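Reader: I would like to go through the sheet, the pocket and the cavity of this model. Please state the cut-offs as the terms come up.

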Amino acid sequence: MARPPRWQATLDASIEEACLAVRLYNDSAEARAFEGFVIHMHLAWLYLLHAEFVRDDVDFRYWDPQYKNRLLRIDGEPKRWELERSMKERWPADSDPVRANLALFIKLRNRLEHRHAHADEALMLNLAGHAHALLVNYESELTEQFGEQRSLALRLRIPIFVGTFTPEGEQALRSFRKTLPADLRGFVTDYESGLDEAVVNDSRYEFRLRAMVELAPKDPDAIAMQFTRYEDMTEEQRAFAEEMGKRGQVIVREQKRPISGLGRLMPKTAAAEVQAGIPFVFNLNHFAAAWKRKKVRPPSGDPNPDRTNSDFCEYDEPTKTYRYTKAYVSHLIKKCGTEKGFEDITGMAPRRKPSDDHEASAPTG
């Protein structure tokens with residue numbers, strides 16, 4: 001039996017933390033459910049990013065600036081990047097909505113610990129959309145980097161709940177919002193005032209969903225709850241939905257139907273994405289050199305074509321072709337972003353893109 005990859009234990013711990021966070025959030029008997037959700041999602045994100053760094057050979061240890069080749073240590077163990085530092089490595093642009101959402105909860109955790117126990121429920125109500133986005137973003141990162149088979153959808157269920165389907169319930173929730181302490185209300189307002197409007201309105205920063213009770217005859221083929229995607233609605237339907245106001249909230253993850261090669265890339269597309277993310281020319285020749293040097297997949301004609309690095313590449317038996325993961329594209333972008341890294345991955349000297357912004361053409365063979 002093959003040994004599990006080095007990052008497996010860290011990833012397993014991340015998923016366990018995320019599941020625990022959701023259980024706490026959905027437990028109405030838990031006195032500090034929201035605080036628990038924030039703390040455990042913080043750990044889930046930290047372990048997830050660390051698992052990516054281990055897989056991609058990113059050194060996420062702190063080195064002593066005063067002594068060459070000496071690591072900083074805490075209780076004898078090397079000090080590793082905290083979530084904020086890890087987040088900036090993964091999303092360098094502070095305008096990224098996923099980073100903006102995660103940064104909000106990093107700052108919030110620092111305020112929550114040992115404080116505002118009486119404000120937990122009010123915080124949960126005011127930041128429900130942000131919390132949902134934090135979880136959905138985690139799910140997206142988890143499945144994009146490590147595959148659909150690790151989806152939280154296989155472990156979590158949509159909870160049964162009482163929303164604001166009556167005027168009295170809506171009024172009660174509106175009144176309850178006002179019980180949030182003034183300093184925490186100011187904290188959220190001040191944080192969002194520094195964000196671009198496009199980020200604030202992005203569903204990856206705050207997840208919003210409108211729910212409406214429908215009166216319909218009993219149909220044996222009908223289901224109790226159905227969802228309409230926003231992109232499938234007409235302009236009139238979108239306008240109506242936006243006018244409905246916040247009548248309730250529910251989170252749903254679009255189920256992935258069985259699709260061959262879902263989320264995988266062919267070589268030409270993968271090479272183009274790498275070139276778009278680095279300052280150097282990167283074509284199919286570089287792409288082929290990269291997988292050959294690092295043994296991402298067997299060479300053509302190998303009697304065991306399925307023996308790939310499964311994190312980065314999969315063999316498709318029916319078509320006798322190889323497909324590459326987005327995690328591999330991210331890995332190449334990180335490694336090939338510097339001249340030294342480019343040469344290490346491809347074995348070729350890097351050549352900067354033309355200064356006139358025209359992309360270099362890639363060979364078609």
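Reader: What is the strand order of the open sheet of 3 strands?

Author: This is a predicted model, in which local features need pLDDT of at least 70 and side-chain atom pairs count only at pLDDT 80 or more, while totals for chains, interfaces and linings use all residues. Residues are numbered from 1 along each chain as its sequence is written, and side-chain values use heavy atoms, with hydrogens and water left out. Strands (E, at least two residues) and helices (H or I, at least four) are DSSP runs numbered from the N terminus, and two strands pair if DSSP finds at least two bridges between them. The pairing in this sheet is antiparallel, and the order is E3-E5-E4.

Reader: Which are the edge strands?

Author: An edge strand here pairs on one side only. That applies to strand E3 (264–265) and strand E4 (313–316).

Reader: Over how many bridges do E4 and E5 pair?

Author: Strand E5 covers residues 321–325, and its Thr321 stands opposite Asp316. E4 and E5 pair in the antiparallel sense, over 4 bridges.

Reader: Which helix packs on the sheet?

Author: The helix touches E3 and E5, where contact means heavy atoms within 4.5 Å. Its direction makes about 65° with that of E5; axes are lines fitted to C-alpha atoms, for helices over the stretch in contact, and angles run from 0 to 180 degrees between N-to-C directions. The helix is H13.

Reader: Which helix gives the most to the lining of the second largest pocket?

Author: A pocket is an open set of points on a 1 Å grid over the protein atoms alone, with protein on both sides within 12 Å along at least five of seven lines; a cavity is a set where a 1.4 Å probe fits but cannot get out, and lining residues have an atom within 4 Å of a point. The pocket has 14 lining residues, with Arg90, Pro92, Ser330, Ile333 and Lys334 nearest its centre. Helix H3 (83–90), helix H6 (128–146) and helix H13 (326–335) each supply at least two lining residues. The most, 5 residues, comes from H13.

Reader: What is the volume of the largest cavity?

Author: The structure holds 1 cavity of 30 Å³ or more. Its lining includes Val38, His42, Trp45 and Phe105, and the largest share, 4 residues, comes from H2. Grid points are joined across faces, edges and corners, and a volume is the space filled by probe spheres set on the points. For the largest cavity the volume is about 40 Å³.
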